[in-house]
Amino acid sequence: MPSASIKKIIPCSKENLIKMVLDIEKYPEFVPWCINGKVHNINEKVGKIEITADLTIGKSFFNEIYRSFVIYDKSSDS
């Protein structure tokens, strides 16, 4: 299967980067071809956050919805 990778230095603090990644509904503001970000469920547990969300990617009437299950382990903050 083909793959690609890009490395970039992001000029912001780790805390701000984490906030940006977890704010899925704002993805259309900065992710190319992202039409919509919809969070279905946020479950905050001891030490972690679990998010179920959809991203709609596309242009015009060509689009696909991708569901994600995100787990953020808060213990990685230290």
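Two strands are said to pair if DSSP finds at least two bridges between them. Strands themselves are DSSP runs of E with at least two residues, as helices are runs of H or I with at least four, and both are numbered from the N terminus.

Good morning. The structure I present today is a predicted model, in which local features need pLDDT of at least 70 and side-chain atom pairs count only at pLDDT 80 or more, while totals for chains, interfaces and linings use all residues. Residues are numbered from 1 along each chain as its sequence is written, and side-chain values use heavy atoms, with hydrogens and water left out.

I begin with the sheet. An open sheet of 3 strands is present, in the order β1-β2-β3, and its pairing is antiparallel. Because β1 and β3 stand at the edges and each has a single partner strand, one side of each is left without a neighbour in the sheet. From one strand to the next, the twist averages 15 degrees; here axes are lines fitted to C-alpha atoms, for helices over the stretch in contact, and angles run from 0 to 180 degrees between N-to-C directions.

Let us take the two pairings in turn. Strand β1, residues 34-45, pairs with β2 in the antiparallel sense over 10 bridges. Within this pairing, Val39 has Ala53 in β2 as its bridge partner, and Glu44 stands opposite Ile49 in β2. The hairpin of β1 and β2 has 2 residues between the strands, and Gly47 takes a positive phi near 85 degrees there.

Strand β2 is also joined to strand β3, residues 62-73, by 12 bridges, and these two strands run antiparallel. Lys48 stands opposite Asp73 in β3. In the hairpin of β2 and β3, again with 2 residues between the strands, Ser60 takes a positive phi near 60 degrees.

Is strand β2 mostly covered or mostly uncovered? Of the 12 residues in β2 (residues 48-59), 9 are buried, so the strand is mostly covered. Buried means under 20% relative accessible area, exposed means over 50%, and partly exposed lies in between, with a 1.4 Å probe and protein chains only.

Ile57 counts as partly exposed, at 27% relative accessibility. Ile57 and Ile35 are 22 residues apart in sequence, yet 5.6 Å apart in space, C-alpha to C-alpha. Neighbours within four places in sequence aside, the contacts of Ile57 (heavy atoms within 4.5 Å) include Trp33, Phe62 and Tyr66.

I turn finally to charged side chains. How many salt bridges does the structure hold? It holds 5, a salt bridge being a side-chain nitrogen of Lys or Arg within 4 Å of a carboxyl oxygen of Asp or Glu.

Glu44 forms one of them with Lys74, with the closest N and O atoms 3.6 Å apart. Since Glu44 lies in strand β1 and Lys74 in the segment after β3, the pair ties together parts that are 30 residues apart in sequence. Glu44 is exposed, with a relative accessible area of 56%, whereas Lys74 is partly exposed at 32%.

Glu50 and Lys48 also meet in a salt bridge, 3.8 Å from N to O. Glu50 counts as buried at 12% relative accessibility, and Lys48 as partly exposed at 30%. Through salt bridges that share partners, Lys45, Lys48 and Glu50 are joined into one network.
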